[in-house]
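Here is a short briefing on one protein chain. Look over the sequence and the fold, then read the points grouped by topic.

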Amino acid sequence: SGAYRVESIVTVDERGQMVLPKDIRERANIRAGDKLALVSMEKSGKICCLSLIKVGDIEPMVKNILGPIMREIL
């Protein structure tokens, strides 16, 4: 199981942009031009959590979740 922790505090500027700190980009192997999916979680009708997932890592996650469901349906 993974560990959850506050990695950094970032500030959103007036244009809605923020900077991922260099040490986190390096540890996560995030490079210029990489695509990240922004995933939200809602609680009581409000977004409470935002996660960034590298687009290349989403496909295996979707296959793991939907694969067994699709096999059961078909």
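C48 is partly exposed, because its relative accessibility is 45%. The model is a predicted one. C49 is also partly exposed, at 31% relative accessibility. The structure holds zero disulfides, and C48 is in none, with the nearest cysteine sulfur, that of C49, 3.4 Å away.

**Cysteines**

- The cut-off for a disulfide is a pair of cysteine sulfur atoms within 2.5 Å.
- A disulfide is a covalent bond that joins the sulfur atoms of two cysteines.

**Salt bridges**

- How many salt bridges does the rule give? The count comes to four.
- R27 and E7 meet through their side chains in a salt bridge, at 3.1 Å from N to O.
- That pair links distant parts of the chain, 20 residues apart: R27 sits in helix α1 (residues 22-27), and E7 in the segment before α1.
- R27 is exposed because its relative accessible area is 53%. E7 is partly exposed, at 38% relative accessibility.
- E26 and K22 form a salt bridge between their side chains, at 3.9 Å from N to O.
- Both E26 and K22 belong to helix α1, where they are four residues apart, or about one turn of the helix.
- Is K22 buried or exposed? K22 counts as exposed, with 54% relative accessibility. E26 is partly exposed, with a relative accessible area of 46%.
- D34 and K54 make a salt bridge, and their closest N and O atoms are 4.0 Å apart.
- This pair also links distant parts of the chain, 20 residues apart. D34 is in the loop between α1 and β1 (36-43), whereas K54 is in strand β2 (residues 46-54).
- D34 has a relative accessible area of 35%, so D34 is partly exposed. K54 is partly exposed as well, with a relative accessible area of 23%.
- Which residues are joined into one network? R5, E7 and R27 are, through salt bridges that share partners.

**Largest pocket**

- The largest pocket holds about 1200 Å³ of space.
- Its lining has 26 residues. R5, E7, L50, S51 and L52 lie nearest the centre of the pocket.
- Which element gives the most to the lining of the largest pocket? β2 does, with seven residues.
- α1, β1, β2 and α2 each supply at least two residues of that lining.
- Rolling a probe the size of a water molecule over the atoms shows where empty space is left.

**Nonpolar surface patch**

- V62, I65, L66, I69, M70, I73 and L74 make up a nonpolar patch on the surface. Together these residues have about 720 Å² of accessible area.
- M70, one of the patch residues, lies in helix α2 (residues 55-73).
- M70 counts as partly exposed, because its relative accessibility is 42%.

**Loops and backbone**

- N29 is in the loop between α1 and β1, and N29 is partly exposed at 41% relative accessibility.
- S44, in the loop between β1 and β2, is also a residue other than glycine with a positive phi, near 55 degrees.
- S44 is exposed, because its relative accessible area is 76%.
- Most residues other than glycine have a negative phi.
- R31 is another residue of the loop between α1 and β1. R31 is partly exposed, with a relative accessible area of 47%.
- R31 and V10 are 21 residues apart along the chain, and 18 Å separates their C-alpha atoms.

Terms used: Residues numbered from 1 in each chain as written. Predicted model: local features only at pLDDT ≥ 70, side-chain atom pairs only at ≥ 80, totals over all residues. Heavy atoms only, no water. Patch = residues over 30% accessible without salt bridge, like charges linked within 9 Å, V, L, I, M, F, W, Y side chains within 5 Å. Areas by Shrake-Rupley, 256 points an atom, 1.4 Å probe, with all protein chains shown as cover. Buried < 20%, exposed > 50% of the residue type's maximum accessible area, 1.4 Å probe, protein only. 1 Å grid on protein atoms, 1.4 Å probe; cavity = no way out; pocket = protein on both sides within 12 Å on 5 of 7 lines; lining within 4 Å. Points joined across faces, edges and corners; volume = space filled by probe spheres on them.
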